[in-house]
Amino acid sequence: MIPAPIVDLVSLSPVIVLSLFAMGVLILDLFIGKDKTVLVFLSLLGLFLAAVSSLAKGTGPIYSFSNSYVVDTFSIFLTFVFAISSALAIMLSVSYNKEQGIKIGEYYSIILFCTVGMIVLASSADLIMIFLGIEIVSISLYILAGIRRTEKRSNEAALKYFLLGAFASGFLLYGMALVYGATGTTHLKDIASVLASSEFKTSPILLMGVVLLVVGFGFKVASVPFHMWAPDVYQGSATPVTAFMSVGPKAAVFAAFFRIFVEGIPNISDYWDTILCIVAVITMFVGNLGAIIQDNMKRLLAYSSISHAGYILVALIAKNSLGMSSLLFYMLAYAFMSFGAFAIIIILDKQNGDNLEVKDYAGLGFKHPVIAVCMSIFLLSLGGLPPFAGFVGKFYIFSAAVKEGYITLVVLGVLNSAISFYYYLRVIVYMYMKEPEGDYQVQPSLAPFSLLVIGIAVFGTIELGIFPGPVISWTMN
Amino acid sequence: MAPLSHYLVLSGILFTIGVMGVLVRRNAIVVFMSIEIMLNAVNISLIAFDRYLGQHDGQIFSFMVMAVAAAEVSVGLAIVIAMFRNKPTINLDEFNLMKW
């Protein structure tokens with residue numbers, strides 16, 4: 001007889017609220033005709049309520065559903081990050097979808113379903129839940145990547161993302177199956193206690209499983225050598241979707257990565273430590289060196305996001321509480337910087353062009369000084385220049401790693417930060433110091449929602465950079 | 001009862017066949033089928049572990065995998081069809097609009 005698990009619907013409330021809103025959006029879409037603005041407000045309301053309801057349980061770790069779902073500071077903070085990033089993505093899509101002729105109401109509900117998957121992923125303490133969360137997120141993203149059905153690039157992005165994502169899921173799943181077989185349980189807590197006390201540590205099945213997990217997660221977070229899909233998918237997808245997938249889903253997969261490796265199998269860290277260090281270093285180098293040769297802004301930011309995955313891996317390798325809180329802080333900071341940069345790309349996007357090259361930014365500093373200043377703030381923050389959020393985030397990550405004695409790793413990370421300034425500054429140089437070729441053509445489309453996103457992003461980037469205290473102390477809880 | 005290692009070897013061989021299929025074949029549908037072989041190979045080892053350990057987690061896990069695989073099939077085929085409407089081929093080598 002299997003005992004019935006404890007059903008704790010209050011813990012699950014963000015997931016339930018958001019799922020209901022996603023279904024509501026889907027149904028309402030049938031009745032409202034061509035103008036989808038109502039759906040935008042409904043989705044934003046759903047995200048807001050989901051974020052608020054995540055506070056219902058307090059901050060202490062509360063396990064429910066036979067230890068497979070956990071509410072703690074980590075999951076609550078990430079729920080807020082997901083709600084903010086999904087809300088920013090939805091607001092960015094409003095004018096973009098009008099201009100690009102994307103008239104699909106399901107778009108908003110799929111973003112909400114994807115957010116549900118992210119919350120599940122951040123709160124799961126069980127291999128089965130983690131697998132389900134990753135698949136909810138991934139399947140939603142495959143659809144979002146191909147949302148411009150008539151556009152060949154969008155089709156190609158969706159196909160590449162789908163095939164490689166499903167391939168990676170296979171590896172991830174095999175890894176989970178082998179870890180389950182070696183330890184006899186799927187609960188992360190029980191895996192940790194089994195590994196703390198037994199001779200299983202060197203079982204080949206377990207080590208094989210860990211390597212496959214690294215491969216699977218490596219694909220999902222686009223770390224080198226499993227990053228090849230990222231630039232293509234980022235370039236081919238609609239720009240708000242690109243912004244969305246570079247922040248929320250990546251943060252969610254990192255959360256699961258962190259839970260499995262730091263909470264589930266820290267006792268065999270001797271085996272995975274070196275692998276992850278090597279992956280982190282080559283991810284940073286390939287991301288930053290790859291970005292230098294890019295001329296398309298979306299591909300440039302794709303490579304920049306690969307390199308950021310490398311920095312976040314450093315926080316994971318540190319394996320201490322400072323590493324956890326720096327990972328959370330960096331996710332929030334990255335959400336603001338990245339959405340800001342993508343928002344600028346979107347408002348400068350030529351109709352049906354979608355391929356804004358770096359040289360198109362020439363002269364922007366004189367024609368539209370405010371936009372150029374905002375873009376400079378986001379790029380400098382991505383590079384890690386004080387007093388912006390990116391600097392504080394990197395500072396905390398590197399200090400977490402130094403505390404555990406990973407000096408070489410940190411030196412290489414800082415070196416990479418310096419390399420990254422080359423391509424961020426290149427855009428700024430174009431904006432302020434180059435004359436445009438021929439007539440100046442780029443006309444920003446200043447929709448109110450897009451301006452609101454830029455405002456929020458500028459505020460977040462500067463606020464987190466100058467007064468990081470409150471957020472840091474929240475993550476330290 | 002056959003020993004656990006038999007099942008694990010079978011699952012490993014099937015998984016490898018799936019991986020080779022994804023890497024070698026160029027037809028999108030065949031690649032897709034190879035991915036399904038990989039997932040089902042994992043199902044075999046999950047059920048085998050489950051039986052060997054005398055638990056239930058592995059069986060539940062394999063049901064979840066099947067449900068997810070079904071959802072993945074529907075989305076994947078929809079993507080292939082949307083793609084086929086714009087460019088009537090399913091050869092993966094011809095999808096090269098974006099490189100490096």
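Grid points are joined across faces, edges and corners, and a volume is the space filled by probe spheres set on the points. The largest cavity has a volume of about 170 Å³, and its lining, made of residues that have an atom within 4 Å of a point, comprises 17 residues. Leu141(A), Tyr161(A), Phe219(A), Lys220(A) and Trp229(A) are those that lie nearest the centre of this cavity. Two or more lining residues come from each of helix H5 (127-145), helix H6 (152-183), helix H8 (204-220), helix H9 (229-236) and helix H10 (239-264) of chain A, where helices (H or I, at least four residues) and strands (E, at least two) are DSSP runs numbered from the N terminus. H5(A) gives the most to this lining, with five residues. By residue class, the lining of the largest cavity holds 13 nonpolar, two polar and two charged residues, with Ala, Val, Leu, Ile, Met, Phe, Trp, Tyr, Cys and Pro counted as nonpolar, Asp, Glu, Lys and Arg as charged, and the others, Gly among them, as polar.

The second largest cavity contains about 50 Å³ of space and is lined by Ser11(A), Pro14(A), Ser54(A), Tyr69(A), Val71(A), Ser75(A), Ile76(A), Thr79(A) and Ser123(A). Strand S2 (69-71) and helix H3 (73-100) of chain A are the elements that give two or more residues to this lining, and H3(A) gives the most, with three residues. The lining of the second largest cavity divides into four nonpolar, five polar and no charged residues.

## Interface of chains A and B

Contact, taken as heavy atoms within 4.5 Å, links 44 residues of chain A with 45 residues of chain B. The two chains bury about 3900 Å² between them, 78% of it on carbon and sulfur atoms; buried area is the accessible area (1.4 Å probe) that two parts lose on being put together, summed over both. Across the interface of chain A and chain B there are zero salt bridges, each defined as a side-chain nitrogen of Lys or Arg within 4 Å of a carboxyl oxygen of Asp or Glu. Seven residue pairs, both members at pLDDT 80 or more, are in polar contact between chain A and chain B. A polar contact is a pair of N or O atoms within 3.5 Å; within protein, one must be able to donate a hydrogen and the other to accept it, and residues adjacent in sequence count only if both atoms are side-chain atoms.

On the side of chain A that touches chain B, the elements giving two or more residues are H5, H6, H9 and helix H12 (297-318) of chain A. H6(A) gives the most to this side, with 22 residues. The residues of this side of chain A divide into 25 nonpolar, 10 polar and nine charged.

## Backbone features in loops

A cis peptide bond, with omega about 5°, joins Val224(A) and Pro225(A), and Pro225(A) is found in the loop between H8 and H9 of chain A. The peptide bond from Pro386(A) to Pro387(A) is also cis, with omega near 5°; Pro387(A) is found in the loop between helix H15 (369-383) and helix H16 (389-403) of chain A.

Ser66(A), a residue other than glycine, has a positive phi near 40°, and Ser66(A) is found in the loop between strand S1 (62-64) and S2 of chain A.

## Basis of the values

Residues are numbered from 1 along each chain as its sequence is written, while chains are lettered from A and ligands numbered from 1 in the order in which they are written. In this predicted model local features need pLDDT of at least 70 and side-chain atom pairs count only at pLDDT 80 or more, whereas totals for chains, interfaces and linings use all residues, and side-chain values use heavy atoms, with hydrogens and water left out.

How values were computed: 1 Å grid on protein atoms, 1.4 Å probe; cavity = no way out; pocket = protein on both sides within 12 Å on 5 of 7 lines; lining within 4 Å.
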